[in-house]
Amino acid sequence: MDEKEKYILLIDMDAYFASVEQICNPSLKGKPVAVCGEGRTVITTASYEARKFGVKTGLTIPEAKKLCPHLIIVKGDLEKYVDTSLNIHKILLDFTDKVEVFSIDECFMDITDSYKLFGSPFDTGLMIKKRIKEEIGLSCSIGIGPNKTIAKLAAKLFKPDGLYEVKSSAIEGFMNFLPVEKLQGVGIGDKTAMKLKMLGINTAGDLSRTSSMLLRAYFGINGYILKKIGQGLYDTPVKKYLYQDAIKSVGHSYTLPEDTKDESVIKSYILMLSEKVARRMRKYNVKGRTIIFIIRYSDFKTYMKRKTIKYLTYDGNEIYLEALKIFKENFNLKNKIRMIGVTVSNLIIADREKFLFDFYEKKNKLIKVIDDINDKFGEFTVRPALLTIAEKFGIVKKCALIGSRQIKKHN
Ligand SMILES: [Mg+2]
C-alpha cells in the first residue's frame with residue numbers, strides 16, 4: 001500500500017470521575033472511592049483502590065459497602081468533570097486540532113500530520129500522558145493505531161496508565177484471537193455480539209474470515225461494516241474539535257457560609273450564580289433554554305427543578321429571573337437553606353443563531369462591554385445592585401472559588 005499510514009490515538013482517562021475527586025480532595029488519594037450520581041444510590045465510577053475489592057460501576061452503595069466496608073462515597077459533580085475535560089482538551093489541542101470528543105473521558109486524535117513535531121507517534125503519546133499528569137494530575141491510557149477501532153481496542157488493553165501502539169502490519173495478529181465481546185464499544189452492541197457467537201463467530205479473526213454474503217444475510221447492510229471491524233480496517237475520520245460539542249450544560253452551585261432563611265440573601269446568591277453561569281456560557285459561546293435550579297436544605301434534603309423557556313439565553317439577569325421563578329413556585333423558606341445551584345442546559349452554539357431584533361443586538365453588545373471591563377478589572381467590577389447584598393454576606397470573594405469548585409466535605 002502506498003497510502004500514507006495514519007496515526008490515530010484514543011485518550012481514555014482512568015477511573016475518571018473518581019480520579020477527579022481524588023485530585024480535588026487530596027485526602028481521598030490512595031483510598032477506595034466511589035462516585036455516585038446526585039440523589040442516586042448506584043455507583044458511577046470506582047477508583048482503582050476500590051476496584052481491588054470488586055467495587056464497580058452499576059453496584060448499589062450497600063452492595064459496594066459489603067465488598068469494601070471502608071469505601072468512601074462521593075456525590076458526583078458533573079460540572080467539575082466537564083471543566084476538567086475542557087482543560088484536558090486544551091492540552092490535546094496543542095498536538096493537533098483533530099480532536100474528537102467521544103465521551104466525557106475519551107477523545108480520539110489524528111496526529112498523522114503533526115506527530116513528527118514531537119518525535120514518533122509513541123513519543124507523542126508519552127508526551128500527552130506526561131502533560132495530562134503534570135498539568136491536571138490525572139492518568140490516562142492511550143491506544144495508538146491506524147484507525148479509531150484499533151486505537152480504542154489498544155487503549156483498553158493496558159489500564160490504568162497504559163500506552164500501546166498497534167502498527168497496521170500487526171493488525172491481523174492483534175485481532176485474530178480477540179473475543180467478539182471485546183468489540184463492544186467499537187461499533188458492535190451486545191446483541192450483535194451474542195448473535196455472532198450463535199453463528200459460531202467467536203473472535204474478531206473469525207469475523208474477518210466470514211463471507212460478506214453470510215454477514216449481509218444476517219445483518220443487512222451492517223454486515224459489510226461488521227466484516228471491516230473484524231478485519232480491524234473499519235475507519236471513519238477524526239472530526240475537528242468543536243468546543244461547544246463538549247459542553248452539555250453550564251452550572252454552578254454554592255454552599256452558603258452559613259445556612260439561612262433570609263430571602264434577600266438567597267436572591268443575591270441566585271443572582272450571583274446566574275451571572276457566573278451566564279459569563280461562562282458567553283465564554284463558551286453557547287446559549288441555552290433549560291434552567292435547572294437546585295436547592296439543598298440544612299437537613300441535606302436536595303431538590304432539583306427544571307424549566308424550559310421559550311427563548312435562548314446567556315444573559316445573567318434572564319437566567320436569574322427564571323431561576324427565581326422556579327424557586328418561588330416550588331420552594332419555601334420554612335427550613336434553612338444550605339446550598340443553591342443554577343445550571344443551564346439544552347445548549348446551542350450562540351453564533352448559529354440569527355438575531356431578528358436590534359434589541360437583542362444591543363443587549364448583547366452591552367453584555368460584551370461588561371465582560372470586557374470585568375476581564376480587565378476583575379470579576380464583578382460592573383455589577384447589578386443586588387450583588388452588593390451578596391458582598392455584605394461575604395460571598396463575592398468566595399465566589400471566585402466557584403470556578404474551580406470547592407470540595408464538599410459532607411455526605
Ligand atoms: Mg475511562
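What covers the buried residues of α6? In this predicted model, the cover includes the strands β1 (8-13), β6 (106-110), β7 (140-145) and β8 (163-165). It also includes the helices α7 (171-176) and α11 (222-231).

Start with the helix itself. Helix α6 spans residues 148-157, and eight of its 10 residues are buried, so α6 is largely enclosed by the rest of the structure. The buried residues are Lys148, Thr149, Ile150, Ala151, Lys152, Leu153, Ala154 and Ala155. An α-helix has 3.6 residues a turn, so residues three or four places apart point the same way.

Now turn to the sheet. Five strands make up an open sheet, in the order β5-β6-β1-β7-β8. Its pairing is mixed.

Strands of a sheet pair through backbone hydrogen bonds, either parallel or antiparallel. Follow the pairings from β1. With β7, strand β1 pairs in the antiparallel sense over six bridges. Leu9 has Ile144 of β7 as its bridge partner. With β6, strand β1 is again antiparallel, over five bridges. Here Leu10 stands opposite Phe108 of β6.

How is β6 joined to β5? The two run antiparallel, with four bridges between them. They form a hairpin, with two residues between the strands.

Another set of pairings involves β2 (residues 33-36). Strand β2 and strand β4 (residues 72-75) pair in the parallel sense over four bridges. In that pairing, Cys36 has Lys75 of β4 as its bridge partner. Strand β3 (residues 43-46) runs antiparallel to β2 and is joined to it by three bridges. Ala34 has Ala46 of β3 as its bridge partner.

Which residues of β2 point which way? In a regular strand the side chains alternate between the two faces of the sheet. Val33 and Val35 point one way from β2, and Ala34 and Cys36 point the other way. All four are buried.

Note on methods
Residues are numbered from 1 along each chain as its sequence is written. This is a predicted model: local features need pLDDT of at least 70, side-chain atom pairs count only at pLDDT 80 or more; totals for chains, interfaces and linings use all residues. A residue is buried if 20 or more other C-beta atoms lie within 10 Å of its own, exposed if 12 or fewer, and partly exposed in between; C-beta atoms are placed from the backbone. Two residues are in contact if their C-beta atoms, placed from the backbone, lie within 7 Å. Two strands pair if DSSP finds at least two bridges between them.
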